Amino acid sequence: MFKRLLSKRILFVLVPLVLILAGAGFFLLGGAGAAPFVLNITINQPSDSGSAAQPEQHLTVSLGERIVNLADPGGYRYLKTEVVVEVAVDQKTYEKLTAGSGGGGHGGSGSATDPLRTELEHVWPKIQDTLTMVLSSKTAEELSTPEGKEQLKAELAEKLQPAFGDYHITEVYLTQFVIQ
């Protein structure tokens, strides 16, 4: 009888004591320790990604003047055009490519001293081939409308992108455009 009473008393004391210790342990280890950790992750995420993102710069490179026969029947039509490509680069690459060139970048003349052109020298034949293939596959009728010229620019950007590699093409300009 005494043993039973003693075990019930121990049980009444032991259960609340275990609950108090468990609550204190949760508060000290889980509750109080986890809250600042979670808050740090939530609070610091936007600022980390914001500081990692650098402003995007743009550089242009002229692919030169091109004269190609168009795909019209009889082959009597030709296109004379100059294609200029604009690419997006990070700040570090922009500074590297524009250092010593007067800080420019836009309005490149397509000369051999253009730093972006120099960077693309190893793929220049591929770029020129792509230009020839795309331009000569069009008819005068396809290129005579503004929509046709926009489609040509979009196709050039898509087909030229593999040659440009890490330089993301953001725009293609047709700075000269004459159909005869």
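Is R117 buried, partly exposed or exposed? At 14% relative accessibility, R117 counts as buried, where buried means under 20% relative accessible area, exposed over 50%, and partly exposed in between, computed with a 1.4 Å probe on protein chains only. The structure is a predicted model, in which local features need pLDDT of at least 70 and side-chain atom pairs count only at pLDDT 80 or more, while totals for chains, interfaces and linings use all residues. Residues are numbered from 1 along each chain as its sequence is written, and side-chain values use heavy atoms, with hydrogens and water left out.

**Overall layout**

- The chain has six helices and three strands, these being DSSP runs numbered from the N terminus, with helices (H or I) of at least four residues and strands (E) of at least two.
- Of the 180 residues in the chain, 28% are buried.
- Among the contacts in the chain with a separation of 6 or more, 69% are between residues 24 or more positions apart, a contact being heavy atoms within 4.5 Å.

**The nonpolar core**

- In soluble globular proteins, nonpolar side chains tend to be buried together.
- The largest nonpolar core holds 31 residues, and L63, V85, V87, L120, I127, L156 and F164 touch the most other members; such a core is a set of buried Ala, Val, Leu, Ile, Met, Phe, Trp, Tyr and Cys residues joined through side-chain atoms within 4.5 Å.
- At least two residues of this core come from each of β1, β2, α2, α4 (124-136), α5 (140-143), α6 (146-164) and β3 (168-179).
- Leaving aside residues up to four places away in sequence, L156 touches V83, L131, V134, L135, V172 and L174.

**Salt bridges**

- The whole structure contains five salt bridges, each being a side-chain nitrogen of Lys or Arg within 4 Å of a carboxyl oxygen of Asp or Glu.
- One of them joins the side chains of E65 and K80 (3.8 Å, N to O); because E65 lies in strand β1 and K80 in strand β2, the pair ties together parts that are 15 residues apart in sequence.
- Both partners of this pair are partly exposed, E65 at 46% relative accessibility and K80 at 28%.
- R117 forms a salt bridge with E121, with the closest N and O atoms 3.5 Å apart, and E121 counts as partly exposed at 41% relative accessibility.
- The side chains of E155 and K138 also meet in a salt bridge (2.5 Å, N to O), and this pair links distant parts of the chain, with E155 in helix α6 and K138 in the loop between α4 and α5, 17 residues apart.
- Salt bridges that share partners join K138, E155 and K159 into one network, and K138 counts as buried at 14% relative accessibility.

- A71 lies in the loop between β1 and β2 and is partly exposed, with a relative accessible area of 36%.
- The C-alpha atoms of A71 and S137 are separated by 5.3 Å, although these residues are 66 residues apart along the chain.
- T130 lies in helix α4 and is buried, with a relative accessible area of 13%; not counting residues up to four places away in sequence, T130 touches K159 and L160.
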